[in-house]
Amino acid sequence: MAALGRWKMYLSVLRSNCRVILTDVKPVAQRVGMRAAFFTSVASLTVGTTLCAVPFKQVEDLCHDSLIRRAASLVTDSSSTLLSQTTLALIEAITLYSKAVHTLVALQRRYLDSVGKLSPADEDAVWHVIIRQRAEINERREYCVRLNTTWASAVRLCEVAAEAAFSSGAEHACVTIRTHLDLAHGQVEEARKLSTEADKLLIQTKVLEVERLASTQGPEEEEVPEAYLRED
């Protein structure tokens with residue numbers, strides 16, 4: 001009986017010690033967890049701050065000269081785009097004008113070959129076709145003039161952009177846009193040669209027309225209508 005009593009007392013003391021130990025361990029574990037969470041948060045914040053700081057560091061490395069060179073390059077790119085678009089439009093307009101002139105020349109020569117062979121109704125129909133073709137030529141000529149003005153403005157803009165790129169140190173952009181300028185000038189000059197040749201051919205046909213009508217038309221014959229003879 002005495003031994004049993006001693007065992008009960010020993011168990012009671014052991015339980016009390018265990019509760020004390022567990023009570024002391026829980027705050028320690030909580031403090032350790034809080035410290036771990038704190039260091040984890042600090043580490044995350046440090047990494048995030050480092051990643052966010054990279055772009056700002058790069059921006060700080062850009063000086064005014066570098067930013068000016070980049071802006072000059074952008075200006076040359078946009079100016080080259082405008083020059084390319086206006087050059088293509090002008091070349092197409094000049095080409096269509098030249099084709100219209102050649103069509104008119106062919107119509108006039110066919111009419112001259114048929115003078116005296118057509119009925120009044122057929123001759124009147126031919127005159128109306130020629131008049132419409134002349135009106136189309138006038139419209140295309142005016143359109144070429146408008147496009148040429150825009151193209152000339154684009155050329156001046158590219159020249160100014162090239163000067164700005166050169167003075168800012170953007171040599172590559174300057175060389176590129178000057179190459180585009182030379183190419184545009186060459187293409188437009190080739191197209192203008194075609195239109196000039198077409199205009200010369202039209203003048204020659206007009207002279208031939210006047211001579212042919214003067215030689216085939218008698219003093220009492222019906223005169224050719226003024227609408228056919230005029231250029232507009």
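Predicted model: local features only at pLDDT ≥ 70, side-chain atom pairs only at ≥ 80, totals over all residues.
Residues are numbered from 1 along each chain as its sequence is written, and local features need pLDDT of at least 70, side-chain atom pairs count only at pLDDT 80 or more, and totals for chains, interfaces and linings use all residues. Side-chain values use heavy atoms, with hydrogens and water left out.

**Fold and contacts**
- The chain holds five helices and zero strands, in the order α-α-α-α-α from the N terminus, where helices (H or I, at least four residues) and strands (E, at least two) are DSSP runs numbered from the N terminus.
- Of the contacts (heavy atoms within 4.5 Å) between residues at least 6 apart in sequence, 81% join residues at least 24 apart.

**Burial and surface**
- Of the 232 residues in the chain, 23% are buried, that is, under 20% relative accessible area with a 1.4 Å probe, protein chains only.
- The accessible surface, from the Shrake-Rupley method with a 1.4 Å probe, comes to about 16,400 Å², and 63% of this surface belongs to carbon and sulfur atoms.

**The second largest pocket**
- Helix H2 (64-113), helix H3 (120-168) and helix H4 (171-216) each supply at least two residues of the lining of this pocket, and H3 gives the largest share, four residues.
- The lining residues are Leu 90, Ile 94, Tyr 97, Arg 141, Cys 144, Val 145, Asn 148, Arg 192, Ser 195 and Asp 199.
- By class, the lining has five nonpolar, two polar and three charged residues, with Asp, Glu, Lys and Arg counted as charged, Ala, Val, Leu, Ile, Met, Phe, Trp, Tyr, Cys and Pro as nonpolar, and the others, Gly among them, as polar.

Technical notes: Buried < 20%, exposed > 50% of the residue type's maximum accessible area, 1.4 Å probe, protein only. 1 Å grid on protein atoms, 1.4 Å probe; cavity = no way out; pocket = protein on both sides within 12 Å on 5 of 7 lines; lining within 4 Å.
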